[in-house]
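I opened the structure today and kept notes as I went. I took one topic per entry.

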Amino acid sequence: QVQLVESGGGLVQAGGSLRLSCAASGNIYSTNAMGWYRQAPGKQRELVASIVSGGTTTYADSVKGRFTISRDNAKNTVYLEMNDLKAEDTDVYYCSARVRWRVAGPEYKYWGQGTQVTVSS
């Protein structure tokens, strides 16, 4: 079993910053892609940013230049530094990780429980 625990959400004024963290624990041999998604009520979950174990990153166009994703492979932890936050960034943010339990085994995708980010204008 694998658990992803998120932290760092909250309420911030427009233009402010927040840093989200997500730590994976449990039966982990290795983690490949880790990422952050967000979802508003009644809408589909959308990718915000992702990072693979080698460090290559991907960002949604709406957050490029404002958000930075990073990871600590030794700690199986992924971070999302969010700067210049806007009201439209208000959502529940979920982290995800693709985890391998054993050498050459299949990858499974896991999700965190979500953390609320609210940006007041």
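**Entry on Asp 89**

I started with Asp 89, which is buried at a relative accessible area of 0%. This is a predicted model, so I am reading computed values. Where does Asp 89 sit? I found Asp 89 in the loop between β8 and β9. I then looked for what the side chain of Asp 89 reaches. The side chain goes to the backbone nitrogen of Lys 86, at 2.8 Å. Next I listed the contacts of Asp 89, leaving aside neighbours within four places in sequence. Asp 89 touches Arg 38, Arg 66, Phe 67, Asp 84, Val 117 and Val 119. I noted Val 117 and Val 119 for the next entry, as both belong to strand β11.

**Entry on strand β11**

Strand β11 covers residues 115–120. In a regular strand the side chains alternate between the two faces of the sheet. I checked which side chains of β11 are buried. Thr 115, Val 117 and Val 119 point to one face and are buried.

Which strands pair with β11? Strand β2, residues 10–13, pairs with β11 in the parallel sense, over 4 bridges. In that pairing I see Val 12 opposite Val 119. Strand β9 runs antiparallel to β11, and 3 bridges join them. There, Val 92 has Gln 116 of β11 as its bridge partner.

**Entry on the disulfide**

How many disulfides are there? I counted 1 disulfide. It joins Cys 22 and Cys 95, with the sulfur atoms 1.9 Å apart. I looked up the torsion about the S-S bond, which is about 40 degrees, so the disulfide is right-handed. Cys 22 lies in strand β3 (residues 18–26) and Cys 95 in strand β9, so the pair ties together parts that are 73 residues apart in sequence. Are the two cysteines buried or exposed? Cys 22 is buried at 0% relative accessibility. Cys 95 is buried too, with a relative accessible area of 0%.

**Entry on the nonpolar core**

In soluble globular proteins, nonpolar side chains tend to be buried together. I looked for such a group here. The largest nonpolar core has 27 residues. Trp 36, Leu 80, Met 82 and Tyr 93 have the most contacts inside this core. The elements that give two or more residues to the core are β1 (2–7), β3, β4 (30–39), β5 (46–51), β7, β8, β9 and β11.

**Entry on positive phi**

Most residues other than glycine have a negative phi. I searched for exceptions. Asn 76 has a positive phi of about 50 degrees and is not a glycine. Asn 76 is in the loop between β7 (67–72) and β8 (77–82). Is Asn 76 buried or exposed? Its relative accessible area is 18%, and buried means under 20%, so Asn 76 counts as buried.

Ala 104 also has a positive phi, near 65 degrees. I placed Ala 104 in the loop between β9 (91–100) and β10 (107–111). Ala 104 has 73% relative accessibility, and exposed means over 50%, so Ala 104 counts as exposed.

Methods:
Residues are numbered from 1 along each chain as its sequence is written. This is a predicted model: local features need pLDDT of at least 70, side-chain atom pairs count only at pLDDT 80 or more; totals for chains, interfaces and linings use all residues. Side-chain values use heavy atoms; hydrogens and water are left out. Buried means under 20% relative accessible area, exposed over 50%, partly exposed in between (1.4 Å probe, protein chains only). A disulfide is a pair of cysteine sulfur atoms within 2.5 Å. A polar contact is a pair of N or O atoms within 3.5 Å; within protein, one must be able to donate a hydrogen and the other to accept it, and residues adjacent in sequence count only if both atoms are side-chain atoms. Contact means heavy atoms within 4.5 Å. Two strands pair if DSSP finds at least two bridges between them. A nonpolar core is a set of buried Ala, Val, Leu, Ile, Met, Phe, Trp, Tyr and Cys residues joined through side-chain atoms within 4.5 Å.
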